[in-house]
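Please look over the sequence and the model before reading on.

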Amino acid sequence: KIFADIDVFDIEVDATDIDSFINTVKAISPTFGGINLEDIKSPECFEIEKRLKEELNIPLMHDDQHGTAIISAAALINALEFAGKDISKVRIVINGAGAAAISCAKLYMRDETKKENILMLDSKGPLSTERKDLDENKKFFAVKTNAENLEEAMKDADVFIGLSKGNIVNAKMVKSMSENPVVFALANPDPEIPYEEAVAS
C-alpha cells in the first residue's frame, strides 16, 4: 500500500499440512488480484509455491523466497561493483539454509555466481558432501569443504549473507574475510552482527 498504492490485507490460515493450505488458498483466490505467501517454512514452502503457481490464474509469490532474493541480489551486484569484484569469482558464505537462503543462492547463480563458490551453512554447520542428513534442497548446495563452522567458513570469503539469527558474527570473523568484504546481515529483528561493529571491522 505504501509503495505501490495496492490495497492489501492479511489472512491467517489455520492449516498445518500442504494440501489443506493449498486448497484454502485456491478457494479464496477469486477474491484477489495476487497473493503473497508469508511465513511458510522450508521445505514445504517450495512445494506449496510450485503447485499454487501451476493451479492459480493470478500472480503468486512467496516473500521469503522472492522478496529477499530479489532485493539482496540487486544489492549484491551493486556492492560488488563498489568493491571492484567479479560476481563469477567471489566466494560467498550464506549462513542459513531455509527458503530465503536457497532462493537467494539460486538467484545469485542466475547472475553468474558459480555454485562451487557458495558455501551454505545450516544450524549443524556447513553443507558438506560428507553429511548424510541433508534434504534434496540442501544437498543441491553441498560442497567439499574443510570448514567445520561459521568462523572457519568466513575466512577469506568475499561475501557474507546472513539469513539465520542475531549476534553470531563478530569483528574478528569479518576481519578474517578478504579485502573489501561485502556483509549482508539480514536476520531480524537482530542482525548477525550489528552495523556499527561490522563497519568498524
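The questions and answers below set computed values against the definitions behind the terms.

This is a predicted model, in which local features need pLDDT of at least 70 and side-chain atom pairs count only at pLDDT 80 or more, while totals for chains, interfaces and linings use all residues. Residues are numbered from 1 along each chain as its sequence is written, and side-chain values use heavy atoms, with hydrogens and water left out.

Q: Why is C45 called buried?
A: Buried means under 20% relative accessible area, exposed over 50%, and partly exposed in between, with a 1.4 Å probe and protein chains only. C45 has 2% relative accessibility and therefore counts as buried. C104, at 0%, is therefore buried by that definition.

Q: What makes a set of residues a nonpolar core, and which members of the largest one touch the most others?
A: The term denotes buried Ala, Val, Leu, Ile, Met, Phe, Trp, Tyr and Cys residues joined through side-chain atoms within 4.5 Å. The largest such core has 40 residues, of which L76, I94 and M120 touch the most other members. Helix α4 (residues 99-110) gives the most to this core, with six residues. Helices (H or I, at least four residues) and strands (E, at least two) are DSSP runs, numbered from the N terminus.

Q: What does L76 touch?
A: Contact means heavy atoms within 4.5 Å. Not counting residues up to four places away in sequence, L76 touches I87, I92, Y108, V159, V182 and F184.

Q: Why are β5 and β7 called edge strands?
A: The open sheet has the order β5-β4-β3-β6-β7, with mixed pairing. β5 (125-126) and β7 each pair on one side only.

Q: What makes both faces of strand β6 covered?
A: In β6 (residues 159-162), V159 and I161 on one side are buried, as are F160 and G162 on the other.

Methods
Two strands pair if DSSP finds at least two bridges between them.
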